[in-house]
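Subject: Structure handover

Hello,

Here is the structure I promised to pass on. Please open it next to this email, and read the notes below with it on screen.

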Amino acid sequence: MSFCLDTYLQQSDNYEIHASKAGFKDCAMIIRFKADDLVYIKPGDEVLGVRVIGIPPIPIGFDHEKGTVFLPYTKPCHGTSVVELPIDEEEVEKIRKLDTGNKK
Amino acid sequence: MKALVLLGCPETPSQTPMAVYVSSKLTKMGYDTTIAANPAAKKLVKVSDPEDFYHLNLVDLERLLGEINPGDFDLLVGFVHKDAAASFFVTFDQILQTKSLALVFSRDADEVAEFVSMIEESGSEAKIAAVRAFHNPSPIKVKFDKAIKEFE
């Protein structure tokens with residue numbers, strides 16, 4: 001069975017929330033600040049089993065030393081959060097393939 | 001022809017009557033109309049039409065997001081009154097790659113301007129109807145009626 005972020009966040013406590021109930025732009029800035037490596041994806045691209053919601057270009061960050069990914073997570077009533085959770089190399093490579101290269 | 005009406009967080013009083021109004025108008029224009037919303041916003045709309053007079057087709061927003069593909073709808077109309085709603089609208093707009101109309105409103109004029117710029121900065125070609133409104137749906141209705149004429 002493939003990984004699903006929604007299920008993971010409900011059933012695991014091995015993740016960290018760096019911002020919650022925030023605006024998308026603030027969350028994008030936090031990801032750019034915290035990550036040591038970034039890729040930029042389009043809204044609707046699938047990462048860890050969910051379509052990522054946001055304003056392009058959407059930053060997805062990595063901390064390679066910790067083996068974690070930072071991504072924006074948006075809910076209609078709760079705004080956008082920045083979630084950091086463990087990720088394996090296979091998923092990192094899948095995300096790299098989505099990189100638009102567009103940072104503006 | 002199929003139209004998708006995207007609702008945001010149900011905290012804004014004018015969203016529910018406008019959802020019924022927009023759905024009814026689009027249906028009269030010949031669209032097979034679907035309203036996508038989170039569970040609370042869906043319930044507010046559903047309870048507003050107890051006799052199913054308007055035949056409102058309500059679906060779960062996040063489930064639909066996981067399923068839609070480019071071209072599934074011919075028109076997207078989105079209610080944008082929160083930062084998250086702007087993000088959802090832009091995301092559906094980019095996936096569907098179809099004609100779209102954003103109804104941007106807030107009680108705060110600065111927020112209206114901010115949400116408009118979020119949509120514009122995304123590169124979206126959506127028509128944007130923006131107005132300061134919160135409790136009273138009339139300003140949104142007036143803007144919608146004017147904007148939707150471009151899609152007739």
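Start with helix α6 of chain B. Its buried residues pack against α1 (15–28), β4, β5 (99–106) and β6 (127–132) of chain B. Those buried residues are B:Ile140, B:Phe144, B:Asp145, B:Ala147 and B:Ile148. Please keep in mind that this is a predicted model.

B:Asp145 deserves a look. It sits in helix α6, residues 138–148 of chain B. B:Asp145 has a relative accessible area of 17%, so it counts as buried, the cut-off being under 20%. Which residue's side chain makes a polar contact with the side chain of B:Asp145? It is B:Tyr21, at 2.8 Å. With neighbours within four places in sequence set aside, B:Asp145 is in contact with B:Tyr21 and B:Lys25.

Next, strand β4 of chain B, which covers residues 75–80 and holds B:Gly78. B:Gly78 is buried, at 1% relative accessibility. Beyond its neighbours within four places in sequence, B:Gly78 is in contact with B:Leu6, B:Phe89, B:Leu101, B:Ala102 and B:Leu103.

Now the nonpolar cores. The largest has 49 residues. Within it, A:Ile60, A:Val69, B:Leu4 and B:Phe92 have the most contacts. Helix α4 of chain B (residues 83–96) supplies the largest share of this core, 7 residues. A second, separate core has 29 residues, among them B:Leu26, B:Ala41, B:Leu103 and B:Ala129.

Leaving out neighbours within four places in sequence, B:Phe92 is in contact with B:Leu4, B:Leu6, B:Leu61, B:Leu64, B:Leu65, B:Ile68 and B:Leu76.

Over to chain A for one residue. A:Ser81 lies in strand β7, residues 79–86. Its relative accessible area is 12%, and A:Ser81 is buried. Neighbours within four places in sequence aside, A:Ser81 is in contact with A:Ile17, A:Ala19, A:Ser20, A:Lys21, A:Cys27, A:Leu71, A:Pro72 and A:Tyr73.

Last, the empty space. Rolling a probe the size of a water molecule over the atoms shows where such space is left.

The largest pocket holds about 320 Å³ of space. Its lining has 16 residues. Nearest its centre are A:Asp6, A:Val50, A:Arg51, B:Glu62 and B:Leu65. Both chains take part: β4 (50–51) and β6 (68–75) of chain A and α3 (61–67) of chain B each give at least two lining residues. Which element gives the most to the lining of the largest pocket? That is α3 of chain B, with 5 residues. By class, the pocket lining has 7 charged, 6 nonpolar and 3 polar residues.

How many cavities of 30 Å³ or more are there? The count is 1. The space in the largest cavity is about 50 Å³. Its lining consists of A:Pro76, B:Leu6, B:Leu7, B:Gly8, B:Leu61, B:Phe79, B:Ala85, B:Phe88 and B:Phe89. Helix α4 of chain B gives the largest share of that lining, 3 residues. The cavity lining has 8 nonpolar residues, 1 polar and no charged ones.

Best wishes

Notes: Residues are numbered from 1 along each chain as its sequence is written. Chains are lettered from A and ligands numbered from 1 in the order in which they are written. This is a predicted model: local features need pLDDT of at least 70, side-chain atom pairs count only at pLDDT 80 or more; totals for chains, interfaces and linings use all residues. Side-chain values use heavy atoms; hydrogens and water are left out. On a 1 Å grid over the protein atoms alone, a cavity is a set of points where a 1.4 Å probe fits but cannot get out, and a pocket is an open set with protein on both sides within 12 Å along at least five of seven lines; lining residues have an atom within 4 Å of a point. Grid points are joined across faces, edges and corners, and a volume is the space filled by probe spheres set on the points. Helices (H or I, at least four residues) and strands (E, at least two) are DSSP runs, numbered from the N terminus. Ala, Val, Leu, Ile, Met, Phe, Trp, Tyr, Cys and Pro count as nonpolar, Asp, Glu, Lys and Arg as charged, and the others, Gly among them, as polar. Buried means under 20% relative accessible area, exposed over 50%, partly exposed in between (1.4 Å probe, protein chains only). A polar contact is a pair of N or O atoms within 3.5 Å; within protein, one must be able to donate a hydrogen and the other to accept it, and residues adjacent in sequence count only if both atoms are side-chain atoms. Contact means heavy atoms within 4.5 Å. A nonpolar core is a set of buried Ala, Val, Leu, Ile, Met, Phe, Trp, Tyr and Cys residues joined through side-chain atoms within 4.5 Å.
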